[in-house]
Amino acid sequence: MDLELNETQKLVQNAARDFATRVVGPQAAEIDATERFPRDILRGLAELGLTAVNVPPELGGAGAGVISFALAMQEVARACASTAVMMSVANMVGETIAKFGTEAQRRLYCPKLASGEYPMGSFALSEPDAGSDPGGMRTTARRDGESWVIDGAKQWITGGTYAGIFIVWARTLPPETSAKGISCFLVEGGTPGLKVGRREDKLGIRGSDTVPLEFDGCRVPADALFGQENGGFKIAMMALDGGRIGISSQALGIARAALAESIAYSKERRAFDVPIAQHQAIQFKLADMQTQIDAAHLLSMRAAWLKENHMAFSREASIAKLFASEAAVRVCNDAVQIHGGYGYTREFAAERHLRDARVTTIYEGTSEIQRMVIARTVLG
Ligand SMILES: Cc1cc2nc3c(=O)[nH]c(=O)nc-3n(C[C@H](O)[C@H](O)[C@H](O)COP(=O)(O)OP(=O)(O)OC[C@H]3O[C@@H](n4cnc5c(N)ncnc54)[C@H](O)[C@@H]3O)c2cc1C
């Protein structure tokens with residue numbers, strides 16, 4: 001693995017860092033407090049190529065690769081975790097369509113996602129009664145002449161209120177076929193029969209839109225089928241492998257913000273006549289935070305490097321996601337502790353970072369699911 005960034009990767013990292021520092025960061029506290037969907041920021045990210053970093057240029061993407069995507073995610077998440085999760089999902093949707101779509105699907109949807117014409121693209125896999133075990137999904141799609149008709153419900157769909165396109169998984173064979181009877185469809189936002197529900201009131205990433213979807217006789221054309229009939233589950237698993245690199249990068253960005261603010265605070269805040277940074281207990285916390293962040297960084301970069309070089313990366317993406325998300329929670333918890341009573345207030349960002357970090361151990365596969373994936377490969 002080459003740890004030296006190439007020119008493209010440096011360029012993407014710098015562009016993301018500059019935009020995150022100048023534009024995103026100053027709005028983050030307000031986005032969280034008002035639960036505002038950061039539409040303008042997403043448009044700005046699209047203009048920089050950051051909503052389709054690993055989508056080929058001929059489809060409107062930046063074509064800058066997986067490592068560039070991971071670096072950009074880290075920078076945006078450092079500034080605003082709400083924005084970062086939507087950036088991650090938009091990238092995942094664009095990349096998945098670019099990889100598995102027909103020529104017509106790729107040409108129709110990828111440029112709209114990349115350019116920001118679609119404020120969001122959504123990934124609709126989870127259901128009210130099937131999250132960790134998507135093979136247990138109940139949403140169905142049945143063929144009716146030249147159409148497919150989708151019925152059922154999806155839950156926790158990031159960006160669903162604003163999505164121009166949804167990748168939707170539905171059962172096309174009876175439930176006993178489990179994961180083998182699931183197909184995938186591209187459903188445009190605003191299609192009759194697709195109802196977007198009320199936004200969830202969440203602990204963190206409050207600027208990110210998370211909604212349930214209802215499909216009530218939602219009719220889509222035959223060519224909305226995405227990938228092979230009954231081959232949808234594989235697409236979900238492959239997309240999630242890549243998505244986990246996005247979430248480990250998000251966790252890393254949040255943790256970096258928490259550490260930077262803890263360092264600054266500990267140099268300013270005095271107790272027992274000295275800055276608290278001079279107390280060894282604080283120094284050891286800062287050392288542990290930095291160590292965990294470095295480890296998370298290396299694990300994330302390894303997964304990104306493997307994917308970029310077309311090697312197997314599923315296990316490494318799970319390891320990176322598991323470690324980075326749990327490290328982020330520990331780091332942000334320590335940041336609150338270092339800030340003392342002020343850390344428990346909205347006056348400082350430490351509490352927001354802890355709330356934002358918490359979800360990274362849950363979505364795109366919980367920590368328990370990552371451990372199951374990793375254990376399977378360990379045991380062979
Ligand atoms: C803010 C947010 C945004 C999201 N965005 C999206 C999105 O855009 N698209 C989408 O499709 N989904 C999305 N999700 C859904 C997310 O991926 C699921 O919440 C997650 O996969 C867990 O599923 P669940 O909530 O149904 O929990 P459950 O599957 O009910 O799990 C409950 C608990 O049981 C544990 N568990 C389950 N099975 C096992 C097992 N075999 N062994 C050990 N422990 C187990 C889990 O780890 C968890 O701790 C989002 C979720 C959130 C909170």
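Tyr342, at 37% relative accessibility, counts as partly exposed, a class lying between buried (under 20% relative accessible area) and exposed (over 50%), as computed with a 1.4 Å probe on protein chains only. The structure is a predicted model, in which local features need pLDDT of at least 70 and side-chain atom pairs count only at pLDDT 80 or more, whereas totals for chains, interfaces and linings use all residues. Residues are numbered from 1 along each chain as its sequence is written, and side-chain values use heavy atoms, with hydrogens and water left out.

A search of the whole structure finds five aromatic pairs, where rings of Phe, Tyr and Trp (its six-membered ring) pair if their centres lie within 6.5 Å, and where planes under 30 degrees apart count as stacked, over 60 as edge-to-face and the rest as tilted. Among them is the edge-to-face pair of Tyr265 and Phe348, with 5.3 Å from centre to centre and 80° between the planes. Because Tyr265 belongs to helix 6 while Phe348 is in the loop between helix 8 and helix 9 (350–358), this pair ties together parts that are 83 residues apart in sequence; helices (H or I, at least four residues) are DSSP runs, numbered from the N terminus. Tyr265 is buried, at a relative accessible area of 11%, whereas Phe348 is partly exposed, at 25%. Phe348 also forms an edge-to-face pair with Tyr342, at 6.0 Å centre to centre and 65° between the planes, and ring pairs thus link Tyr265, Tyr342 and Phe348 into a cluster.

Helix 10 (residues 367–379) has 13 residues, which at 1.5 Å a residue should span 18 Å, in agreement with the 18 Å between its end C-alpha atoms; the expected span is 1.5 Å times one less than the number of residues. The buried residues of helix 10 are Ser367, Ile369, Gln370, Val373 and Ile374. These residues cover an arc of only 170° around the axis, and therefore lie on the same side of helix 10, the arc being that of the directions from the helix axis to the C-beta atoms. They pack against helix 6 (232–268) and helix 8 (314–338), with contact taken as heavy atoms within 4.5 Å. On the other side of helix 10, Glu368, Arg376 and Leu379 are exposed. Just after helix 10, Gly380 adopts a positive phi of about 75°.

Methods
Helix = DSSP H or I, 4+ residues; strand = E, 2+ residues; numbered from the N terminus.
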